[in-house]
Structures are given as C-alpha cells and as structure tokens.
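Welcome to a short tour of a protein model. Keep the sequence and the 3D view open while you read, and try to find each residue as it comes up.

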Amino acid sequence: GYDYRGRTGPFNIAVAELDVGGRRVRVCPVALNWQPYCTQMPETMTEREVLAWERAPQPNKGRPRPQAMAAILDSMSDMIAEADVVPLIIGGDFNSQSHLDWTEETASMPEHGGLTVPWTVSLRMLEAGFADTFRGLNPDPARAYGSTFPRTEKGEAGHDVRLRYDFIYSLGKNLKPIASECCTGRYLKPFSYRGRDYPLFPSDHGFVVTKFRWERGD
C-alpha cells in the first residue's frame with residue numbers, strides 16, 4: 001500500500017475470490033494516489049495540460065494514477081483473460097475522474113471549465129473491457145452525475161461541486177449490473193441511508209452500491 005514518504009509500494013490492490021452460491025467471482029479493492037488532488041486542479045488548464053498534470057511525478061513520490069492503473073491491469077492480465085469464467089469486480093477510491101463524466105453535455109458545469117477530458121484511468125479500464133457500472137446504468141451525466149466526493153465551493157454557499165472519484169467496474173459476460181447508485185455524506189456528520197439514520201459519516205468519500213444479476217452460463 002501507500003507510504004506517502006515513498007518507502008513502500010506504488011499502488012494498493014488486493015484480490016479476494018468469493019464463492020457466491022457455488023459460483024466464483026473475484027473482487028478487487030483498489031486505492032490510487034490522491035495526488036494530484038483533483039479538487040485543486042487549476043481551472044485555466046487545457047485538456048492536454050490536465051492529462052499531463054495527472055501523469056506527472058508527484059511530491060509524495062507515489063506512482064501517478066495513470067501509470068499505477070496500467071501496472072495494476074498488467075498484473076491482473078491472467079484474471080482479465082478468464083473473466084468470462086470467473087467474473088472480476090474492481091472497485092474503490094480511484095482519486096481520478098472519468099471521461100464518461102467530462103463530456104460536451106457537462107462541459108458547462110462550473111467545475112468543468114468548458115472542457116471535455118479523456119481521463120486516462122477511466123479510459124484504461126474501459127479499454128481493458130471493464131464496464132463502469134454506475135455510468136452504464138445512468139448514461140447521462142448531466143442528469144445523474146453521481147458525486148462521491150462532497151464539497152462546497154468557497155464563496156458559493158450551497159453549490160456542491162460534482163466529483164466522481166469512486167467506482168465499481170465489472171468484467172465478465174455472466175455478471176450483469178442491474179442497479180447502481182452513488183451516495184455521499186459529510187465527513188463525521190449525521191447521515192441517513194435507505195431509511196436508517198447513522199450518527200456520523202465515516203469518510204471524506206462517499207460510496208457506490210451496485211447490484212448484479214448472474215446470467216445463465218454456458
């Protein structure tokens with residue numbers, strides 16, 4: 001995992017193989033470098049500059065997110081190749097944004113600065129065959145953005161900046177996402193979920209819940 005002084009591994013990934021009613025599925029939590037911090041992305045950058053900004057060497061010496069994602073996918077190549085037999089679910093804190101959210105339809109959002117950005121991490125996931133479960137079921141980011149990192153812009157009371165950092169990706173022909181939602185709460189503040197009240201929200205990130213259905217196999 002990360003040691004932000006640079007003394008340990010460059011990324012954080014694990015794999016658990018589960019038995020779900022006699023069927024195998026691999027579930028992989030992931031956490032990528034939080035630097036560069038997307039909430040501090042300069043608004044004056046061009047699309048090309050945004051991509052260079054994310055892949056540049058970072059002060060904490062952690063591997064930049066695009067390079068880390070490439071290494072993770074390379075290390076999982078055997079599991080990716082057999083995902084139609086043993087489906088793969090990769091989810092967690094990617095600390096990056098998605099090209100599926102930064103489209104022409106969302107470019108006018110205050111935090112998007114008029115840009116459409118082909119974010120490298122999300123593109124790598126889709127190029128490897130993975131489906132973004134939330135966006136696949138909510139294809140219009142202008143109507144259902146799916147924020148998972150709640151924050152209010154200074155000087156604009158009540159304006160919630162939309163940042164989707166957390167994802168659940170799936171791969172495998174026999175595992176079909178049928179419902180997905182993104183939920184947020186204010187760190188250490190009370191929150192409610194599905195009719196139940198909780199005394200505090202335990203993280204600065206929100207969460208994603210995706211429901212899957214097993215399709216009939218061969």
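Let's begin with L188, which sits in the loop between β7 (175–183) and β8 (191–193). L188 counts as partly exposed because its relative accessibility is 49%; buried means under 20% relative accessible area, exposed over 50%, and partly exposed in between, with a 1.4 Å probe and protein chains only.

The areas come from the Shrake-Rupley method with a 1.4 Å probe, and for residues only the protein chains shown count as cover.

## About the model

This is a predicted model, in which local features need pLDDT of at least 70 and side-chain atom pairs count only at pLDDT 80 or more, while totals for chains, interfaces and linings use all residues. Residues are numbered from 1 along each chain as its sequence is written, and side-chain values use heavy atoms, with hydrogens and water left out.

## The overall picture

The protein chain has five helices and 10 strands. Of its 218 residues, 45% count as buried. The chain exposes about 11,600 Å², and carbon and sulfur atoms supply 51% of that area.

Contact means heavy atoms within 4.5 Å. Among contacts in the protein chain with a separation of 6 or more, 69% are between residues 24 or more positions apart.

## One side of a helix

Which residues of helix α1 (residues 47–55) are buried? They are V50, L51, W53 and E54. These residues lie on the same side of α1, because they cover an arc of only 160° around the axis, the arc being that of the directions from the helix axis to the C-beta atoms. The buried residues of α1 pack against α2 (65–75) and α4.

## Salt bridges

Side chains of opposite charge can pair when their charged atoms come close. A salt bridge is a side-chain nitrogen of Lys or Arg within 4 Å of a carboxyl oxygen of Asp or Glu, and this structure holds nine of them. One joins D101 and R164, with the closest N and O atoms 2.8 Å apart. This pair links distant parts of the chain: D101 is in the loop between β4 (88–93) and α4 (120–127), while R164 is in the loop between α5 (133–137) and β6 (166–171), 63 residues apart. Both D101 and R164 are buried.

Another salt bridge connects E215 and R213 at 3.1 Å, N to O. E215 is partly exposed, with a relative accessible area of 27%, and R213 is partly exposed at 39%. Elsewhere, salt bridges that share partners join E17, R24, R26 and E82 into one network.

## A buried histidine

Is H112 buried or exposed? H112 counts as buried because its relative accessibility is 1%. This residue lies in the loop between β4 and α4. Leaving aside neighbours within four places in sequence, H112 is in contact with D101, W102, T106, A107 and Y145.

Conventions:
Helices (H or I, at least four residues) and strands (E, at least two) are DSSP runs, numbered from the N terminus.
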